[in-house]
Amino acid sequence: MAVALNKIQWELIDSRVGKAQDRHKLKTKSTSFLFLVFNHMFPGKIDEFHEGLTDGGNDFGIDYIHIIEKENDVEMFIIQSKYRNNFENTNKTINDSEVLKVINFFYMIFDKNEDLINSGNIKLSENVKRIWSMHEAGLICRYSVVFCSNDSGLSESSKKIADAFSRENTSVSFEHFGPIDLVNAFHAEGRVQNTGNLQVIAKQILERSDGDIRGAVATVDAISFINLVTTENNSKIKRSIFDDNLRVFLGEKGGYNANIIETATSESSYIFWYLNNGVTITCKNFSYNKSHVNPVLNFEDFQIVNGAQTSHSLYAAFRENPEALEDVSLLVRIYATSRTDVAERVAVATNSQARIQARDLHANDQILKDWEILLLERGYYFERKRNMHVDKSEDKRIDALKIGQVILSFDLREPEKAKTESDSIFSSKFRYVFNNRREIESVIRLFELYRIIERKREEYDMEFGAAVESGHQYQYLIYGHWFVLYACRLLLAKKGLGEVPQGEEAEQLVEEAVQLVASACSQQKAVAHYQMFRSAKTKDRILAELNPKQQDFFELLAEF
């Protein structure tokens, strides 16, 4: 049962929704609410928001599609958003017809119904083509349907419909992201203080203490772990218990692992303990009855800082076959301390051997600290860590990943990698992107140039939304904004200008770059936009459109 929203919480959400609508020029409050939810679910991905927004004419009941591609499988988030404009209406629920629309969409996806790509909704068409191409490639696809709303969520009858569909189609799960979830996301100080317990197996627990930190290693029952990490009735994973996890969002670079699921549900599930690295938990305090044969570990204000993938995969196995986990045991490490610095170091140390986002391990690199000081002197807030200046004006916040993508597209001339290989910014390309040879003024000019591109992208999306291609040159901004930035560099080189312009000159440069990209790409009508702007060949088309002698032009670029 959803927690009732009070008037103050409704006003807080409505205020944030209104501000986001004005700031990002979003058409409706429902879209603005979806924007806030997306920003929480996929931090650092907000520049991708416009690509998946399918809400509009002929959207088949789907407001948003977000696709996370991994090596062997894919996670797809199918989102429907509903916003109640009056507090009095927040006691309403999402009805059966809304759920049935989404279910019908899945039947059309599975049946490869071409009405989906011939609907005139370009963004829906682009995303459906991506989904079908992944099916054809034989990738394992999992779908998470998220109903986000500021009301009481799914009605009892709509829950039954969703559950019945999930039982028949185990790759599809349903959940509700409600107003209380969003309120908790708004307040750093309002982070949920989770309590819970784990069943230890036969006194298999070892404890030690060193002043202001205690630690323990234990073997626990997998079913009790599922109960720890899920909401009542095991309906969904508790996102709040992963707030301190370096992987950030549970579906990003983590999510499900087919090998973990297979081991947990196999006849040899008893060897799971030997094959899995376990889970690391930090908490304010833990306790258990040392004299008990099978003690229960109790936690106060705990976080899972390592083990998001294991948690999600065990939950997927549990949904598939709960009885299979009866023989599964899990290794957990517990650290109890009130010192936030120790908890943070534990999070980094326990993740350092895992596949985490390299950005988090570079957050305290000296070059980034230098940039932070230099930018602050010029009135900008450089975010070495995600959202570290969330209380500051958005116009003055420069995110490390975002400026890295800007530099990758403009200076390193690799726009096709700005999105698909953004991890390289904090790994193989880190010293090329962030170094002391860059003048901070040029970094600011480049960032402001990109902000013009992003503004035009938002304005176009607000006007045309998910509608059919308008023939307008701005349509290429939705998926090709990094290539527009790349085109700006080419144009500056052709003009022999060594400095990024500002003000009206910068506006004019962006207009010319948009026109250049549109001219180069308009002949590729048979190619999906998302494919076109993942290919390095598109750079060649843009170069050819400028029509210089290519060898001379490359020499000119080297001097720029």
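Asp399 touches Arg359 and Glu383, leaving aside residues up to four places away in sequence; contact here means heavy atoms within 4.5 Å. This predicted model is read with local features needing pLDDT of at least 70 and side-chain atom pairs counting only at pLDDT 80 or more, while totals for chains, interfaces and linings use all residues. Residues are numbered from 1 along each chain as its sequence is written, and side-chain values use heavy atoms, with hydrogens and water left out.

Asp399 belongs to strand 13 (residues 397-399). Helices (H or I, at least four residues) and strands (E, at least two) are DSSP runs, numbered from the N terminus. With a relative accessible area of 17%, Asp399 is buried; the cut-offs are under 20% relative accessible area for buried and over 50% for exposed, with partly exposed in between (1.4 Å probe, protein chains only). A polar atom of the Asp399 side chain lies 3.0 Å from the backbone nitrogen of Leu401, and the side chain of Asp399 also reaches the backbone nitrogen of Lys402, at 3.2 Å.

In the case of Arg339, the separation from Asp212 is 127 residues in sequence and 7.8 Å in space, C-alpha to C-alpha. Gln531, in helix 21 (residues 529-532), is likewise partly exposed, with a relative accessible area of 40%. Between Gln531 and Arg130 there are 401 residues of sequence separation and 8.8 Å of space, C-alpha to C-alpha.

Turning to helix packing, helix 4 (residues 96-110) and helix 5 (residues 122-136) meet at an angle of about 55°, their axes 10 Å apart. Axes are lines fitted to C-alpha atoms, for helices over the stretch in contact, and angles run from 0 to 180 degrees between N-to-C directions. Helix 4 and helix 5 are therefore oblique to each other, since angles under 35 degrees count as roughly parallel, over 145 as roughly antiparallel, 65 to 115 as roughly perpendicular and the rest as oblique. The crossing of helix 4 past helix 5 is right-handed; in such a crossing the near helix is turned clockwise from the far one by less than a right angle, and in a left-handed one anticlockwise. Phe105, Met108, Ile109 and Phe110 of helix 4 meet Leu124, Val128, Ile131, Trp132 and His135 of helix 5. Sorted by class, this contact has 8 nonpolar, 1 polar and no charged residues (Ala, Val, Leu, Ile, Met, Phe, Trp, Tyr, Cys and Pro count as nonpolar, Asp, Glu, Lys and Arg as charged, and the others, Gly among them, as polar).

Helix 9 (residues 258-265) and helix 11 (residues 308-320) pack at about 45°, with axes 9 Å apart, which makes helix 9 oblique to helix 11. Their crossing is right-handed. Ile260, Ile261, Ala264 and Thr265 are the contributors from helix 9, and helix 11 supplies Gln309, Thr310, Ser313, Leu314, Ala316, Ala317 and Glu320. By class, the contact of helix 9 with helix 11 has 6 nonpolar, 4 polar and 1 charged residues.

Across the chain there are 23 helices and 13 strands. Of its 560 residues, 53% count as buried. Among contacts with a separation of 6 or more, 72% come from residues 24 or more positions apart.

How values were computed. Polar contact = N/O pair within 3.5 Å; in protein donor to acceptor, adjacent residues only side chain to side chain.
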